[in-house]
Amino acid sequence: MVIKIIDGLQWVIDAVQGVQQNGFSLNIDITDIAVHFQQLESALTIRDYVLVADLFEYEIAPTLQIWLDKVNTALKDVI
């Protein structure tokens, strides 16, 4: 299940990058989540599933919420 979640997150990152590269500014810094992915990879390597869960709950989810807020704000400006 974690692999599917990571694949989904990669899709979100690619989508954000694509939108921003096409001139639509979302003011989202992709490097924010890249650090979390490195930590996630390390946690999975050592099979520290508590850390994996903590990263999703306390690092990745809040980052994605900030991104969602920025996307919603940008959409309000366009619509």
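In what follows, contact means heavy atoms within 4.5 Å. Good morning, colleagues. The structure before you is a predicted model, in which local features need pLDDT of at least 70, side-chain atom pairs count only at pLDDT 80 or more, and totals for chains, interfaces and linings use all residues. Residues are numbered from 1 along each chain as its sequence is written, and side-chain values use heavy atoms, with hydrogens and water left out.

I begin with the overall architecture. The chain has 3 helices and 0 strands, and its pattern along the sequence is α-α-α. Helices (H or I, at least four residues) and strands (E, at least two) are DSSP runs, numbered from the N terminus. Taken along the principal axes, the C-alpha atoms fill a box of roughly 45 × 20 × 20 Å. Of the 79 residues, 23% count as buried; buried means under 20% relative accessible area, exposed over 50%, and partly exposed in between, with a 1.4 Å probe and protein chains only. Among contacts with a separation of 6 or more, 62% come from residues 24 or more positions apart.

I turn now to the interior. A nonpolar core is a set of buried Ala, Val, Leu, Ile, Met, Phe, Trp, Tyr and Cys residues joined through side-chain atoms within 4.5 Å. The largest such core has 16 residues, and Leu40 and Trp67 have the most contacts inside it. At least two residues of this core come from each of α1 (2-21), α2 (31-45) and α3 (49-78), and α3 gives the most, with 6 residues. Setting aside neighbours within four places in sequence, Leu40 is in contact with Ile6, Val52, Leu55, Phe56 and Ile60.

Next, the helix packing. Two packed helices are described by the angle between their axes and the distance between the axes. Axes are lines fitted to C-alpha atoms, for helices over the stretch in contact, and angles run from 0 to 180 degrees between N-to-C directions.

How do α1 and α3 pack? Their angle is about 30°, and their axes are 12 Å apart. α1 is therefore roughly parallel to α3, a term for angles under 35 degrees, while those over 145 count as roughly antiparallel, 65 to 115 as roughly perpendicular and the rest as oblique. Here Val2, Ile5, Leu9, Val12, Ile13 and Val16 in α1 meet Phe56, Ile60, Leu64 and Trp67 in α3.

For α1 and α2, the angle is about 165°, with the axes 12 Å apart. α1 is therefore roughly antiparallel to α2. Val2, Ile6, Leu9, Gln10 and Ile13 of α1 make this contact with Ile33, Phe37, Leu40 and Leu44 of α2.

Two individual residues deserve attention. Which residues does Thr63 contact, leaving aside its neighbours within four places in sequence? They are Asp32, Ile33 and His36. Thr63 lies in helix α3, and it counts as buried because its relative accessibility is 11%.

The second residue, Ile30, lies in the loop between α1 and α2. Is Ile30 buried or exposed? With a relative accessible area of 16%, Ile30 is buried. Not counting residues up to four places away in sequence, Ile30 touches Ile13, Val16, Gln17 and Trp67. Ile30 and Trp11 are 19 residues apart in sequence, and their C-alpha atoms are 12 Å apart in space.

Thank you for your attention.
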